[in-house]
Amino acid sequence: MRSTVSAILFLVFAAISPAQQTPPASHFDGNSWWSHVKFLADDSLEGRDTGSEGLRKAQAYAVEQFQKAGLEPAGTNGFYQPVRFNQYEVDEAKSSLALVTNGQAKTLSFADDAFIGSRSTCTSTALSAPLVFIGYGLKIPEKNLDELAGLDLKGKIVVYLAGSPADIPTALASHYQTAGERWKSLHAAGVIGTITIFNPASMDIPWSRISINRNHPSMDLADAEFNETSGQQLGVAFNPASAEQLFAGSGHTFAEIASLGKDRKPLPHFPLAVSLQAKAVILTKSLESANVAAKLTGSDPALKNEFVVLSAHIDHVGIGAPINGDRIYNGAMDDGSGSALVMDIAASLKAHPEKRQRSILFLLVTAEEKGLLGSKYFAAHPTVAAKSIVADVNVDMFLPIVPLKILKIGGLEESDLGTRAAAIAQSMGIKPIADPEPLRNTFIRSDQYNFIRHGVPAVKCDVGFELSSPEQKIFKDWLTNRYHAPSDDVNQPVDLQSAAGYEEFTRRLLLETANTPARPRWKPDSFFRRYAAN
Ligand SMILES: [Zn+2]
């Protein structure tokens, strides 16, 4: 059915010559996007794990699409920017964790209680150390928060609850919860290891599903300049359902901590009565993967030397523990959806060219799932001049699983790029909102964060929902059942109209940013402005 308004508009435009025609309300129908998702999430690509044949196939497909769209290569080796990694894997058969009370050791079950994180335990170790509970484990000078103050942490393993107090703004809390920032203050205090208790109030995935894939190898960038946690000997992830035993004899209970943590209230800090005995055997190997970069050169003689980046990660987590008999973690939404959008937008700009004064860089990064590593490498070693990157529009798992009525804009309050994104959404009849679930930490959980840390204003937008609405339950169920599971595949329901609307929004945001003479800027009071200072 056609609305009255569009019928009238049709008559108006029919009288105008083709050259003057206004662009269509949307350049997208969702179908071409979905066909790319179907290719990327096919079982034959085996979940696109970093370093795998499946990821190489996905990247070759992307290069083909970029060529079809008339893009120029913007890597260091054609469209590719090779990146070297080290891989770490815990040999659980030779490793162990035990809690010790008055000389009595109680072995912990890796499956049910706690496991050794290979991301934060990069070399084999055998150690025994007292434990200290440090609340959320945060030191945030801007807010005069120092949860390490007054505690003797030298040679200790610290235990903390994932999360942050409510009076700390999201972006600030997110920043200080990155592994590198967190480790800076812990290392300075003499800490040798960490135990992270997942916060039951903010777990995207139930423990059973986290635990089932705990042996999946982790990776880090091979170049020494990227090592942010030197001195950390051990990192342990703890099941909140088993956490009570950590607090035995301390005068506190985990139930008390969890209930404070649920409401983001301040937490107490105190030494624990138990200590940890750990033996970790870590297997390492090196491997190589690549980012894929392509560009569309702008028309303005000066501005064409500046780039608006459209980024998404093309890797996913590969093959893992079977769930309902399926071992392939297809990553259709995460982030086949974003990668497909990058290819689809490139094609749309060829089919419907429009004035672009700045250049656009189409970037498909690798190893996002390993800790934002491909983008970390790219942001440190960009294939175009670092100062020429004016903005990053990152797309990761934007979840078009409900109609696009609300758009969640990560970074909305931080820069005028956020303001612009909100205005464009509004002009399309979509309500822009800031992140309604700050505890999930999504602002630091995707690739835009590496651009932000290099001073580049960035946004990450997602199809959103109102708190306590039926849509919220759809998203919650999606995270519980499909996020990082084999069922994030092409057999799930998606809303093609919603995807098309999101693509149109993204296209407009890119073009407006490419055509606005002033570069996007951080807001004067944004925490992230500091990175742009030099
Ligand atoms: Zn993911």
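Reply: A residue counts as buried when its relative accessible area is under 20%. Histidine 484, at 19%, is therefore buried. Aspartate 334 is buried too, with a relative accessible area of 2%. Keep in mind that this is a predicted model.

Both residues belong to the zinc site. The protein donors of the zinc ion are Asp334 (OD), Glu369 (OE), Glu369 (OE) and His484 (NE2). These donors lie 1.9 to 2.4 Å from the ion. Along the chain, the donors follow the spacing D-x34-E-x114-H. Aspartate 334 sits in helix H8 (residues 332-351). Histidine 484 sits in the loop between helix H12 (470-481) and helix H13 (496-515). The pair therefore ties together parts that are 150 residues apart in sequence.

What about the geometry? The 4 donor atoms subtend angles of 57 to 146 degrees around the zinc ion, so the arrangement is irregular. For tetrahedral, all angles would have to lie between 85 and 135 degrees. Ideal angles for four tetrahedral donors are 109.5 degrees.

Now the aromatic pairs. The count comes to 22. One of them joins tryptophan 33 and phenylalanine 398. This pair is tilted, at 5.8 Å centre to centre and 55 degrees between the planes. Tryptophan 33 lies in helix H2 (residues 31-40), and phenylalanine 398 in the loop between strand S19 (389-394) and strand S20 (406-410), so the pair ties together parts that are 365 residues apart in sequence. Tryptophan 33 and phenylalanine 398 are buried.

Phenylalanine 66 and phenylalanine 362 form another tilted pair, at 6.2 Å centre to centre with 50 degrees between the planes. Phenylalanine 66 comes from helix H3 (residues 53-68) and phenylalanine 362 from strand S18 (residues 359-365), so this pair ties together parts that are 296 residues apart in sequence. Both phenylalanine 66 and phenylalanine 362 are buried.

Ring pairs also build a cluster of Tyr176, Tyr449, Trp522, Phe527, Phe528 and Tyr531. Elsewhere, a charge meets a ring: the charged end of arginine 182 sits over the ring of tyrosine 160, 3.9 Å from its centre.

Last, helix H7 (residues 254-262). Its buried residues are Phe254, Ile257, Ala258 and Gly261. They cover an arc of only 95 degrees around the axis, so they fall on the same side of H7. The buried residues of H7 pack against strand S6 (125-133), strand S9 (157-161), strand S10 (193-197) and strand S13 (270-280). Arginine 264 follows H7, with a positive phi near 55 degrees.

Terms used. Residues are numbered from 1 along each chain as its sequence is written. This is a predicted model: local features need pLDDT of at least 70, side-chain atom pairs count only at pLDDT 80 or more; totals for chains, interfaces and linings use all residues. Side-chain values use heavy atoms; hydrogens and water are left out. Donors are N, O and S atoms within 2.8 Å of the metal (3.2 Å for Na, K and Ca); water is not among the atoms, so sites may look incomplete. Four donors count as tetrahedral if all angles lie between 85 and 135 degrees; four count as square planar and six as octahedral if opposite donors are over 155 degrees apart and all others between 65 and 115; anything else is irregular. Helices (H or I, at least four residues) and strands (E, at least two) are DSSP runs, numbered from the N terminus. Buried means under 20% relative accessible area, exposed over 50%, partly exposed in between (1.4 Å probe, protein chains only). Rings of Phe, Tyr and Trp (its six-membered ring) pair if their centres lie within 6.5 Å; planes under 30 degrees apart count as stacked, over 60 as edge-to-face and the rest as tilted. A charge sits over a ring if NZ of Lys or CZ of Arg is within 6 Å of the ring centre and within 35 degrees of the ring normal. The arc is that of the directions from the helix axis to the C-beta atoms. Contact means heavy atoms within 4.5 Å.
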